[in-house]
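Welcome, and please open your viewer. This tour tells you what to select next and what you will find there.

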Amino acid sequence: HNHENTWRQLLGVAGDLCTCIAELDVPQGLRVGTLDSLLGLSDDLTKASSSAEGIVAKLRRTHDDLGSRDAHGAGSSSGQHAEPLTVDGLSVPRYLTTFKWDHAKHPTRRSLRETVDKLCETLGKIEEELKLKASDYQSVKGQINSLSRKTGGSLVVRDVSDLVSPEMLVESENLTTLLVAVPRHLDKEWVACYETLAGFVVPRSSKCLAEEGEYALFTVVLFRRVLDEFKHNARAKGFQVREFTYDPEGQSAKADERAGLERMARDKRDSLLEWCHASHAEALGAMMHLCTVRIFVESILRYGLPPAFQAGVLEPHPRQQKKLRTALAGTFAAAASEHWSEDAAGDDKLPGSEDVHPYVSFTIPDAVCA
């Protein structure tokens with residue numbers, strides 16, 4: 001077929017239905033090999049392309065998630081969202097429509113099988129590294145969340161050391177201070193009765209330290225010898241005595257631990273974000289090379305040798321895809337392989353084709369190209 005005529009035909013029929021139409025750079029000199037090798041490669045390319053799309057989509061999701069929140073959920077460490085994903089300075093849609101074969105990385109003298117294997121190897125390494133890096137980052141976030149849970153929850157269960165200072169506590173050989181979580185609807189009852197819950201409670205010693213949710217936290221000073229009696233009677237009235245020992249060194253260590261983990265999480269987030277940006281570009285490039293090989297292989301299986309076809313990248317206007325399909329089918333049905341028909345189904349489908357059309361077509365999902 002005359003490439004220029006075919007291209008003019010394509011522009012004529014699809015121009016008004018597409019945002020962008022660009023030629024796909026299928027390099028001259030790709031090695032065809034045998035029919036058996038092409039058939040085997042066709043099956044493998046279907047799986048490889050699907051896997052590549054999945055890896056690119058994972059990288060995009062990870063990048064977008066990291067860009068919208070920091071190590072514990074509120075924006076990036078610099079206070080800014082991550083930069084949009086690009087490839088060599090181009091937006092993803094722009095890259096897809098201006099794709100050029102990388103002859104330095106993938107010389108055409110290689111067999112198609114070797115080229116596909118190398119592309120799959122690259123994608124496999126990226127996927128494995130993503131798992132390791134994401135797991136490492138999530139591990140640190142998990143430690144932060146664990147600390148947050150200890151300081152979260154109600155006053156009955158959470159760490160209350162951040163609410164207590166030394167001057168709030170009376171501790172001596174005979175006297176001690178208890179912390180008691182009191183339901184908010186019982187706080188008046190607490191004030192009225194706490195002095196009577198045991199025989200040796202210091203009068204007017206109870207102070208409210210905090211009110212959170214359904215509970216208030218009170219102190220009370222009493223003699224050590226009536227601790228058990230007081231706890232028993234307090235529980236009977238629905239008051240929760242908290243076990244607490246003031247430990248300033250431990251409190252400082254916890255604060256330092258959390259600050260250290262948050263710094264580590266920010267560093268890992270920024271590193272993973274940067275890695276995602278670079279690896280997404282590499283993975284998208286590998287995906288497009290696989291797509292190009294796939295177009296080449298399927299076109300030969302469809303139209304035969306020597307290779308004589310026009311490849312393009314089409315981006316339909318919103319809601320115009322069906323109309324575009326109809327227009328393309330009407331224009332290029334006459335050039336379709338004798339193995340294609342509108343009734344093709346089951347075993348009659350061409351190898352690796354999800355949809356049957358009178359032309360070779362693959363769709364790049366929105367999760368990859370949006």
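A salt bridge here is a side-chain nitrogen of Lys or Arg within 4 Å of a carboxyl oxygen of Asp or Glu. By that rule, the count comes to 14 salt bridges. Side chains of opposite charge can pair when their charged atoms come close.

A word on the ground rules: this is a predicted model, in which local features need pLDDT of at least 70 and side-chain atom pairs count only at pLDDT 80 or more, while totals for chains, interfaces and linings use all residues. Residues are numbered from 1 along each chain as its sequence is written, and side-chain values use heavy atoms, with hydrogens and water left out.

**The whole chain**

Start by colouring the chain by secondary structure. You will find nine helices and eight strands; these are DSSP runs numbered from the N terminus, with helices (H or I) of at least four residues and strands (E) of at least two. Of the 370 residues in the chain, 42% are buried, where buried means under 20% relative accessible area, exposed over 50%, and partly exposed in between (1.4 Å probe, protein chains only).

**First stop: K268 and D136**

Select K268 and D136. They form a salt bridge whose closest N and O atoms are 2.7 Å apart. K268 lies in helix 7 (residues 248-303) and D136 in helix 4 (residues 112-151), so this pair ties together parts that are 132 residues apart in sequence. K268 is partly exposed at 24% relative accessibility, and D136 is partly exposed at 39%.

**Second stop: K237 and E189**

Next, select K237 and E189, whose side chains meet in a salt bridge at 3.7 Å, N to O. Which parts does this pair tie together? K237 sits in the loop between helix 6 (227-236) and strand 7 (240-242), and E189 in helix 5 (residues 187-193), so the pair links parts that are 48 residues apart in sequence. K237 is partly exposed, with a relative accessible area of 37%, and E189 is partly exposed at 34%.

**Last stop: a network**

Finally, select D44, R113 and D117, which salt bridges with shared partners join into one network.
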